[in-house]
Amino acid sequence: MQHKSKLPQVGTTIFTVMSALATKHKALNLSQGFPNFNSDPKLIDLVTKAMRSGRNQYAPMAGILELRESIAKKFELLYNSSYHPETEITITAGATQAISCIISAFVHADDEVIIFRPAYDCYEPYIELNGGKTISIQLEAPDYSVNWETVKQKINHQTKMIIVNTPQNPSGSIFSKNDMLQLQELTKGTDIIVLSDEVYEHMIYDNEKHQSVCMFSDLKSRSFVVASFGKTFHNTGWKVGYCCAPTELMEEFKKVHQFNVFCVNHPLQKGISDYLQEPKHYLELSDFYQKKRNLFLNLIKDSRFKFTPSKGTYFQVLDYSNITHENDVDFAKRLTKESGIASIPLSVFNKNSLDNKVLRFCFAKTDDTLKKAADILNRI
């Protein structure tokens, strides 16, 4: 049989490649973004309780009301912004499912979608699957800042959507208040939809504040906020997230969502909802991860790697230009095979595979793992 691929340029992801190499060579795996420590036993107990109490059948399509109400309270507490739990919040099977449904609901053939590179790798395939055209704007290293004049030049009558990601994976940078004001000004009076990927919202360091799109009134009126409980509560395998948007946008989202997954794991929703009743479970997260970032960077401060401390996420970018001029993909593979540590090269996420000689390391690991990683990096 002959088939024309809808994604002819898509092959095996770099995450699969590096994790397979790490397994084959028994390397320390700091490539993929997941913790190697357990979730809070209290959360596990709450989910188990939900299972035992009979919360095991289909949940409502938009998610159980208790969880949507808990999310609404969180937005009021953190951002002084409100979303109606019945019409403006939907629980999703992870953040990626939310992203796919948002793009599918609004992007038509030949619509243009602006993304910022290095970009999380699911954005472009979903744009392409829906017949859209990706317009890539490169963030400017080493601080991965946005040139808003370039953004202005790229916006035209075919621009349907702008996707932002803050804190930003894989660079660890964040959007400032000024960035959000610029985005608001550029989209004001247009029909452009903003998809704001905010899955690392609770991982912000050095007294910075997360600038959610919901804090800016005109921007909020045209935006989706996408978030992840998997990232927040150290259980990425649960694949539970959510999105928030004004009612008229959410109505279109639900049309796609109901035929994509319809509903999400019921007992997990109940357990997470109960867990959210204590705000400290997410309010203390930035401090928790900043300590891990600081430990990791202090341990490698005398290595040959250069770095600017990550401002958000649980990723740290390290510059290896003092060590070798190898292509970052080749160097990442060699480090895995010869030194026993796996990372992610950033060029695979950049426009035209721009190679800035940097690798991304995940520090959502036990202190013992970070010490072992530092020992290896200090010998390179």
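Let me begin with strand 5, which gives three residues, the largest share, to the lining of the largest cavity. Strands (E, at least two residues) and helices (H or I, at least four) are DSSP runs, numbered from the N terminus. Please keep in mind that this is a predicted model, in which local features need pLDDT of at least 70 and side-chain atom pairs count only at pLDDT 80 or more, while totals for chains, interfaces and linings use all residues. Residues are numbered from 1 along each chain as its sequence is written, and side-chain values use heavy atoms, with hydrogens and water left out.

By a cavity I mean a set of points, on a 1 Å grid over the protein atoms alone, where a 1.4 Å probe fits but cannot get out, and lining residues have an atom within 4 Å of a point. A volume is the space filled by probe spheres set on the points, which are joined across faces, edges and corners.

The largest cavity holds about 50 Å³ of space, and its lining includes I115, F116 and Q168. Strand 3 (112-117) and strand 5 (159-165) are the elements that give two or more residues to this lining.

The second largest cavity has a volume of about 40 Å³, and among the residues that line this cavity are K74, E201 and H202. Here strand 7 (223-228) and helix 9 (229-232) each supply at least two lining residues.

Turning to a sheet, we find three strands in the order 9-12-11, open and with antiparallel pairing, where pairing requires at least two DSSP bridges between two strands. Strand 9 (315-319) and strand 11 (344-345) are the edge strands, each pairing on one side only.

Conventions. 1 Å grid on protein atoms, 1.4 Å probe; cavity = no way out; pocket = protein on both sides within 12 Å on 5 of 7 lines; lining within 4 Å.
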